[in-house]
Amino acid sequence: MTLRIGPLELTTPVVLAPMAGITNAPFRTLCRRYGGGLFVSEMIGARALVEGNQKTDQLARFGPDENPRSIQLYGVEPWAMREAAAQLVGEGRVDHIDLNFGCPAPKITRHGGGAALPWKDARFAAIVSATVEGAGGVPVTVKLRMGIDDDHLTHIDSGRAAADAGAAAVALHARTAEQLYSGSARWEAIAALKATVDVPVLGNGDIWVAEDAGRMLAETGCDGVVVGRGCLGRPWLFRELEEHLSGRPITPPPSLGEVLDVMVEHATMLVEWFGPQMGIRSFRKHTGWYLKGFPVGAELRADLHRVDSVWDLERLTAHLDRSLPYPAGVGEMRRGHTNGPRRVKLPQGWLEDRRLEQIDEAAAVAVSGG
Ligand SMILES: Cc1cc2nc3c(=O)[nH]c(=O)nc-3n(C[C@H](O)[C@H](O)[C@H](O)COP(=O)(O)O)c2cc1C
């Protein structure tokens with residue numbers, strides 16, 4: 001089953017979801033080694049990028065083995081999105097651009113950005129077309145939630161508007177911003193979007209194990225799946241997804257020894273990419289996900305949250321029994337964000353009108369995940 005996104009052809013219809021602080025070049029490279037798909041960067045602020053912010057520029061870089069290179073942009077100003085896209089494409093740095101319209105973080109929605117923005121339908125369409133224009137022939141996709149809350153659903157309108165504005169595909173995280181990460185993703189919304197738009201639809205929400213992806217494709221008719229939290233501490237999920245979706249038997253999960261080897265490899269890659277301090281610090285959050293379900297003890301888990309070098313990681317885990325099998329049922333266990341529901345913070349009077357007179361400067365400069 002091939003997924004086509006503009007000129008891109010993916011033989012495995014799987015996308016690694018953009019996740020702030022997670023889907024940096026080392027993690028994308030690690031996941032890609034296990035299976036096919038599209039591996040999207042964490043969200044990059046368009047304004048910060050065009051203003052030459054060094055940190056943003058570093059986050060927008062790709063490793064030598066990354067192909068196609070996929071970046072997610074965040075922004076609320078059509079001009080900044082056009083310029084950011086034109087800059088990235090002009091410098092030959094990307095092969096795909098995704099747009100974040102799903103971020104529920106209060107510091108973003110409070111100013112009208114992220115998941116708040118599609119409610120302002122004309123501004124939404126203007127952002128998508130400006131990015132498509134700036135991107136030249138590089139495909140642009142949009143990533144949506146279902147809307148702000150159940151009384152303000154926008155995914156069908158936004159999907160249509162995005163397709164009309166030239167988006168090559170539409171991804172839907174089938175929850176509202178109000179839901180955050182609570183409850184279950186409502187896959188029926190993905191099916192409804194698929195029935196409405198002509199561009200490919202990517203379904204997102206609650207794919208924990210490979211079989212979930214097969215089920216989502218079958219139940220919703222979507223063209224590809226976007227996998228976020230399910231691969232935290234389990235980058236080999238991309239191997240399982242490829243195997244399952246191409247009808248092959250799924251390789252058994254790794255033993256504890258093999259998991260430890262992946263951890264060391266991941267930590268080493270982060271250290272090489274970000275430098276020793278920032279690299280190992282950004283690895284700490286992964287340790288709990290990798291060891292979920294293994295009987296390693298609370299003390300070691302706490303020590304690993306303070307791990308300060310790759311050598312320290314190896315030392316702390318040297319005594320573990322490498323032959324322990326991967327614990328049953330861990331794949332299905334929820335990980336990463338699980339919070340919500342929570343009322344969405346919005347600018348004063350935001351829901352009264354779908355037109356947008358003016359947007360808060362703070363929305364343009366804000367950067368965060370979600
Ligand atoms: C830690 C974390 C960071 C995230 N950062 C982003 C982001 O930068 N951009 C985005 O569009 N979505 C972001 N998301 C949302 C995911 O891309 C995805 O839509 C969501 O997790 C639902 O998919 P899942 O059930 O497969 O995890 C983030 C999610 C998590 C857990």
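I began with the term I needed: a salt bridge is a side-chain nitrogen of Lys or Arg within 4 Å of a carboxyl oxygen of Asp or Glu. I noted that this is a predicted model, in which local features need pLDDT of at least 70 and side-chain atom pairs count only at pLDDT 80 or more, while totals for chains, interfaces and linings use all residues. Residues are numbered from 1 along each chain as its sequence is written, and side-chain values use heavy atoms, with hydrogens and water left out.

Entry 1: I looked up Arg 315 and Asp 312, whose side chains form a salt bridge with 2.7 Å from N to O. Both lie in helix H14 (residues 310–317), 3 residues apart, about one turn of the helix; helices here are DSSP runs of H or I of at least four residues, and strands are E runs of at least two, numbered from the N terminus. Asp 312 is buried at 8% relative accessibility, whereas Arg 315 is partly exposed at 46% (buried means under 20% relative accessible area, exposed over 50%, partly exposed in between, with a 1.4 Å probe and protein chains only).

**Entry 2: a pair across the sequence.** I then found Lys 194 and Asp 223 joined by a salt bridge of 3.0 Å, N to O. Lys 194 lies in helix H8 (residues 187–196) and Asp 223 in the loop between helix H9 (210–220) and strand S10 (224–227), so this pair ties together parts that are 29 residues apart in sequence.

**Entry 3: the whole protein.** I counted 25 salt bridges by this rule, and I recorded that buried residues make up 58% of the 370 residues.
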